[in-house]
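Visitor: I would like to learn how to read aromatic pairs in a structure. Could you walk me through them?

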Amino acid sequence: MSFQEYRESFWLGVKDMLPLLSGVLPFGLITGANGIALGLSPEQVFGMTMLFFAGSAQLAAYQLIQDNAAFVVIVLTTVVINLRFAIYSATMAPTLHPLKKRYRWPLAYMLTDQSYGLCSSPERQSAGLPERVWYYFGGAIVMCSFWVMAVLLGVAVGASIPPEWSLEFSIPLAFLAMLVGTVRNRTLLLVAVASGAFAVLLRPLPLNMGFIAAVVIGVGVGHVASKLRRRGADLYE
């Protein structure tokens, strides 16, 4: 699978990813700036960025660190937030599994919401294996590079960003946009509504446990709804 042979797929992945980069810039700026504001060194922020490789989990960790939460709570929260990558990995496994480990592991490391969204479309899934791999690599390398640069830019200029810009407001908007794109049937809609409702209701719980509980409840609701649908029961009529 040489680059020369499949470079068209690689550059198509790059091209399709470019419009999504604008939504990553505020995340990166906030992530870098918040880390410095908490008293972390640029090296620590960069290390966390490379370790988490997920802005939502990193920002949640910042908040818990600021609240002096226990280490186990910080780890548990970030793991729960990133559980979606287990689903992403299961979807991407047929594409990456045939590769040798020296290729598969770096490509798996670069998996992001945006890369998964592009590669999980029916059009991409119907392409040949080499085309899917190179398409994924093209989009993933662009997204990962841009994310790291955005965080470093936040580290460098975060302190000078005017509060009036309210960049943090872009975070829930970005997640809302991703949520709308993933709710494709009634079961997923039910999961989204249940998770959101319980996240609000259980928000007063200490140590951010309300969020974790809402995730667990949402997964449970989705599991029950899926089983009922498979049995032919119409849960919604």
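**Reading the rings**

Guide: Happy to! Searching the whole structure turns up seven aromatic pairs. Rings of Phe, Tyr and Trp (its six-membered ring) pair if their centres lie within 6.5 Å. This is a predicted model, in which local features need pLDDT of at least 70 and side-chain atom pairs count only at pLDDT 80 or more, while totals for chains, interfaces and linings use all residues. Residues are numbered from 1 along each chain as its sequence is written, and side-chain values use heavy atoms, with hydrogens and water left out.

Visitor: How is a pair of aromatic rings described?

Guide: By the distance of the centres and the angle of the planes. Planes under 30 degrees apart count as stacked, over 60 as edge-to-face and the rest as tilted. Take phenylalanine 10 and tryptophan 134: their ring centres are 6.3 Å apart and their planes stand at 75°, so this pair is edge-to-face.

Visitor: Where in the chain do phenylalanine 10 and tryptophan 134 sit?

Guide: Phenylalanine 10 is in helix α1 (residues 3-17) and tryptophan 134 in helix α10 (residues 129-157), so to speak distant parts of the chain, 124 residues apart. Helices here are DSSP runs (H or I, at least four residues) and strands are too (E, at least two), numbered from the N terminus.

Visitor: Are phenylalanine 10 and tryptophan 134 buried or exposed?

Guide: Buried means under 20% relative accessible area, exposed over 50%, and partly exposed in between (1.4 Å probe, protein chains only). Phenylalanine 10 has 10% relative accessibility and counts as buried; tryptophan 134, at 14%, counts as buried too.

Visitor: What about phenylalanine 53 and tyrosine 109?

Guide: Their ring centres are 4.9 Å apart and their planes at 50°, so that pair is tilted. It also links distant parts of the chain, 56 residues apart: phenylalanine 53 lies in the loop between α3 (42-52) and α4 (55-66), and tyrosine 109 in helix α7 (residues 101-109). Phenylalanine 53 is buried at 9% relative accessibility, whereas tyrosine 109 is partly exposed at 38%.

Visitor: Which residues do ring pairs link into a cluster?

Guide: Phe10, Trp11, Trp134 and Phe137.

Visitor: And how many helices and strands does the chain have?

Guide: The chain has 13 helices and zero strands. Of its 237 residues, 38% are buried.

Visitor: What share of the contacts with a separation of 6 or more joins residues 24 or more positions apart?

Guide: A contact means heavy atoms within 4.5 Å. Residues 24 or more positions apart account for 74% of those contacts in the chain.
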